[in-house]
Amino acid sequence: MQERPQGPLVDALRNNGVEIEYMIPPPSQSLPLKIAAAGGFEGGEIELTAKVSSQYVSSILMCAPYAKKDVTLKLVGDKVISQPYIDMTITMMRSFGVNVTREEGTNVYKVPKGVYKNPTNYEVESDASSATYPLAIAAITGTRCTVPNIGSASLQGDARFAIDVLKPMGCHVEQTETSTSVTGPAKGQLQAIDVDMEPMTDAFLTASVLAAAAGKPNAKGSTTTRITGIANQRQKECNRIQAMRVELAKFGVTCRELDDGIEIDGKPVTDLTSCKEGVHCYDDHRVAMSFSVLGLVAPEGTVIGERECTGKTWPGWWDTMKAVFGVELEGCDMPEDGAHQKTNGATTTGDEGHVLPIHRQSPVKKSIFIIGMRGAGKTTTGGWASRILGWPLIDLDSELERTEGMTIPEMLKDNDWAGFRNKELALVKRVMREKPNGYIFATGGGIVETPEARQLLVEWQKDGMVLYVTRDIGLVMEFLQIDKTRPAYVEDMMGVYLRRKPWFEECSNLHYHSQTVDESAAIAGWTSPLDDFTRFLHTMTGKSAALEKVKAKKHSFFVALTSPRIQDVVRLLPEVTVGVDAVEMRADLLVDPKSHDGIAGEDFLAQQIALLRASTTLPLIFTLRTKSQGGKFPDDNPERARELYRVALRMGFDFVDLELTAPQEVKDFVLSHRKMCAVIASHHDPKGELSWDEDEEEWGRLFEEARSYGDIVKLVGVAKKSEDNDYLKAFKKSRRETYPDLPVIAMNMGDIGKMSRVTNGFMTPVSHPALPSKAAPGQVSAAEIRHVLGIVGEIPTKNFCIFGKPVTHSRSSALQNTLFKETGLPHHYGFHETEQADEDVKRMIRAPDFGGASVTIPLKLDIMPLLDEIDGPAKMIGALNTVVPFEGPDGKTVLRGYNTDWQGMVLALRNAGAHGSTSQQEAGMVVGGGGTARAALYALKEMGYSPIYLVGRNKEKLATLTSAFSEDYNIHLLSTEEEASAIPSDKQPIVAIGTIPGDTPIDPGMREILISIFSVGTTSTANVAGIAATNSNKVLLEMAYKPAVTSLMQLAQNSGWRTVPGLEALVGQGIHQFRLWTDIVPLYEVSRDAVMGKEKEAQ
């Protein structure tokens, strides 16, 4: 509301003797205002400019009877805005005993002095402006909606929206005096209109989003909608005309602003583009609600910011969309860039697309404070957060030194800790005041020593994030022993930590523990410390959208870890998580060696969570199963349960299991601290005391109780006979008919209950043969379930192949068929040798049983015209190697082309320990200027390397190759030894990708360039032994397959670089193809063996 100008109203009242003061200095003319009591204004003649808002007119009219004398209100200036609302005010005043008269043919109103008298009954109409949104939903989705209490008899201007806007756009409208019904045309059949919306200016935003999807030409053959009469909308919560132009452009819609309106070039719904950046709502309720309508038909879902702003007009808007219209909603963070992925949901009408309002306890824009001991990693994680969110990082210790003009040791030379803490506190207050939004602040370790600072951080948590960063305390103590940049502690360092620890926990609402792991063994290149923190931050802000992603799948699974320590199964995680969608930590099964009863303590649990998250990229489920529910946690210890739930909720789980039998205090705690995680409301009957047949009513009661607080309902019984699975199936069917959008996990334990696991569908708990034990009787693996589903036809057999020539030598068939078998899928992969993207190829890729294809030379470009879409990386690289079919918004199959060559390169490099440039800029290098070099440049850019050196002899050819890449790739061309020698020591490449032929000698000139680069370590004066030692962390990926050691590899090895053969990248690109086709990430070792095994046979 502070964006709305109050100047015309304030001027009119000031001229009538009212003392009003703006609380914000000029040029602001907005709220808040300070108004002196005056016993009513003077009255008499009042002039008011009414071109901005009719609300100013209504406010003076309603107060006028209590003026000191009769009021004559003259509306001056341009055309009066929203006349129907002025008329409605006058009619309402008449109902309360005050008759306002209007001089004929003028905008002059006479209001006598008087007193309002309450009528016996007075009916308040529904809000016609708000009614435009549900009516627009019917219009854009081709469904029907009826709004009672708004009809032709209404005095509200917006009541004409259905007749004057929706009907001309092609909707069927039925309007009585007291109700309005709208039936939209078939999806995509809205047509453009010309309309003067001066009587209902607030509704122009609703009309605008409909116009964006009005791709059907009107009688004039035009798809351009022209809306006029809305000049006042530039002075509302924001400049709404400008806002619509800017935000509709994100959907690929072109708009032109007019002096008093807007023109919108409508597009077919299928031509709307995905809104990658998310919709910025300018804290304007009408912007948010309007784009929630467009989000129903936009592709890939729509992210809408500032969710809470709708509360001004319709506090329950998002709940209404979900409950009444069946729109799928998921909390998430505003995306920073186009890489943000969303998953389409569905409305109850079957229309694809869902709206994602921001559902957070605090707005994403609020600055983040990072606290913890010195040496815990605050600056490192702050740098990561800065990179992820795109916000500046400010180290408050460094900022304090800058503002004070001296180092911290200098400030403390007289041991004036009190003075130092006061300066530190003053800085925290200042940045909270001056930089409340969009910054990352890394605090000093002792900030929590000051009580007032602690209170500030506790208050910040209410709608902001305070992140507590920890790592192994032994490592922190080692760091503090050698760190000389800060004054030495004057007391025992461990004692300092133990004193501060409860303060750190009190002052924070998030906790990130950096766990030291053996990355080469535990995570096999699939994750990195930055990846780990990224997932943590996305989870805590709701950006991961884990629930929506799982709901989008027909069959989904989670594997339960049953080990007493996570480190015991870390090496097994890549194997046991193949083909599952989440990992469950059974905290009740953990055994803490330092606990008297073995139950996990808070520190032990934090370490286990950090290790698990660092070892898998999958969403995490936290479960604390009690003894009565089939677990090992005591039923009678709610205090310890709260402690463990508290750790889990602070450390970032996507799902948390909460039993129906949990004490109410535990439920209340979890539900009030859940942040963005989804709650699985569960009940297990391990003793088989309930029957799905005879006790259907009791199961129904449990279902309703679970539904009352759970995002997911989980009910598990015991099958004593095969019919029990049938009764369970009938129970699920009846509930699904009533609650079609509610995710339900319902199964039977025991061997007889295995079939219920096969038919469960959503988030089926599974085990794996490699795990030490099963979490429940009758659990089977995901591969076994898929195998059965394939046999019974629930997973249809699909055909895959490779297009190109020659292809008979390709190892793709061996790889993909091995992976289909390993994951239990019934598909088959074959060869189709051809040099042309001909009719046979077109017929195959459009066949109903087509599952996907690999593409190799010479068709990587030629096949593009046969496809419907090409993804961004493939466009940038200029070639594709993968075809993926998927179901489009209209139910038809859409073929999309991808390039996984660059992803194979990234995977091969990560497996070799090159995880990418994170907190600091590190350089990369590409050798060669052919087609593969484009993929290599893209790969290094995605890994964060900058600058990227491109080495070749022909500089013109290199320049041509790089012309398609934007400046932010920071590509430097190297075609001479002199250019290579001029590279600064701190800008030497640490990772390289070779794309030149491996079976021919390297060009002499290029060889000299490479020797110059390979032989230089981080210092220019290192001797040969020193260079080799320094370069041992540098990696060359050689894309040539043969010979086993190429000349380029030999050059790099001579200087101490580690080298990776091209077959590793080949395996990687095949793994990513399989992932795109099946949404399953296969085990790297199995994939590699499948490729290499055929190689060995050929030899």
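This is a predicted model: local features need pLDDT of at least 70, side-chain atom pairs count only at pLDDT 80 or more; totals for chains, interfaces and linings use all residues.
Trainee: Which element gives the most residues to the lining of the second largest pocket?

Mentor: That pocket has a volume of about 1500 Å³. Among the elements that give two or more residues to its lining are β31 (850-855), α38 (1062-1078) and α39 (1084-1098). Leu 1066 is one of the lining residues that lie nearest the pocket centre. The top contributor, with 7 residues, is α38.

Trainee: How many of the residues lining the second largest pocket are charged?

Mentor: Good one! The lining is made up of 49 residues. Of these, 23 are nonpolar and 17 are polar, and the charged ones number 9.

Trainee: Is Phe 441 buried or exposed?

Mentor: Let's look at its partner too: Tyr 439 and Phe 441 form a stacked aromatic pair, 5.9 Å centre to centre with 10 degrees between the planes. Tyr 439 is partly exposed, with a relative accessible area of 23%, and the charged end of Lys 435 sits over its ring. Buried means under 20% relative accessible area. Phe 441 has a value of 0%, so Phe 441 is buried.

Trainee: Which ring does the charged end of Arg 735 sit over?

Mentor: Here we turn to a cluster in which ring pairs link Trp 692, Trp 699, Phe 703, Phe 731 and Tyr 739. The charged end of Arg 735 lies 5.9 Å from the centre of one ring, that of Phe 703.

Conventions: Residues are numbered from 1 along each chain as its sequence is written. Side-chain values use heavy atoms; hydrogens and water are left out. Rings of Phe, Tyr and Trp (its six-membered ring) pair if their centres lie within 6.5 Å; planes under 30 degrees apart count as stacked, over 60 as edge-to-face and the rest as tilted. Buried means under 20% relative accessible area, exposed over 50%, partly exposed in between (1.4 Å probe, protein chains only). A charge sits over a ring if NZ of Lys or CZ of Arg is within 6 Å of the ring centre and within 35 degrees of the ring normal. On a 1 Å grid over the protein atoms alone, a cavity is a set of points where a 1.4 Å probe fits but cannot get out, and a pocket is an open set with protein on both sides within 12 Å along at least five of seven lines; lining residues have an atom within 4 Å of a point. Grid points are joined across faces, edges and corners, and a volume is the space filled by probe spheres set on the points. Helices (H or I, at least four residues) and strands (E, at least two) are DSSP runs, numbered from the N terminus. Ala, Val, Leu, Ile, Met, Phe, Trp, Tyr, Cys and Pro count as nonpolar, Asp, Glu, Lys and Arg as charged, and the others, Gly among them, as polar.
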